[in-house]
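This note concerns the pairing of aromatic rings. Please read the points below alongside the sequence and the model.

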Amino acid sequence: MATRSPQNQASLYVPENIAHNVKTITFIRSSMSAITGSAAGILGLTGYFGFIFYGITALFTSFLIWALKTQTKPGIYFRGRTDVWTEGVFGGLFSYVLFWTLLYGIVHGVYLSTLEEKRIIALMITYDNYNICSL
C-alpha cells in the first residue's frame, strides 16, 4: 500500500461537508445542553453537582454522536478523530448554564420566596402576639 501525502489526504475532505458536519454537532450539543440544563434546574442541582452533571451528559452526548452519527468512524466525517468528542463542548456549556439557572430560578426561586414570606409573616405574628401579651 502506498502512503498518501498530506496534500492528497487534505483533498479527500470536502470543506462544505466538514462545515455541515460541524454545524450538525453544534446543533446537537446546543439542543442537549438546553435539555440537560433545564433538567438540572428542575432537579435543583447547585454548585459542582451541576457542572458534574454537565460533564456526564456531554460525555454521553459525545458517545451517542460517535456511535450513532459516525458509526464509530469519525475519521470519515471529520479532519480529526477527536472532533466528535471536543467540538462545541464549551459552547454548549453556556447554553447549559443559561437554562440551568433559568429553570432553577423559576422552579425553586418561587418556592424560596414564598417560604421567606411565610417566615416573615410568622415573625410578624409572633412579634404582634408578644406586644399584645405584654400590655
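1. Five aromatic pairs are counted by the ring rule: rings of Phe, Tyr and Trp (its six-membered ring) pair if their centres lie within 6.5 Å, and planes under 30 degrees apart count as stacked, over 60 as edge-to-face and the rest as tilted. One of them joins tyrosine 54 and tyrosine 96, whose ring centres are 4.9 Å apart with planes at 45°, so this pair is tilted.

2. The model is predicted, so local features need pLDDT of at least 70 and side-chain atom pairs count only at pLDDT 80 or more, while totals for chains, interfaces and linings use all residues. Residues are numbered from 1 along each chain as its sequence is written, and side-chain values use heavy atoms, with hydrogens and water left out.

3. Tyrosine 54 belongs to helix 3 (residues 48–69) and tyrosine 96 to helix 6 (residues 89–133), so their pair ties together parts that lie 42 residues apart in sequence. Helices (H or I, at least four residues) are DSSP runs, numbered from the N terminus.

4. Tyrosine 54 is buried at 8% relative accessibility, and tyrosine 96 is buried at 0%. Buried means under 20% relative accessible area, exposed over 50% and partly exposed in between (1.4 Å probe, protein chains only).

5. Phenylalanine 63 and tryptophan 66 form a tilted pair, 5.9 Å centre to centre and 40° between the planes. These two residues are three apart in helix 3, so about one helical turn separates them. Phenylalanine 63 is partly exposed at 40%, as is tryptophan 66 at 24%.

6. Ring pairs also link Phe51, Tyr54, Tyr96 and Trp100 into a cluster.
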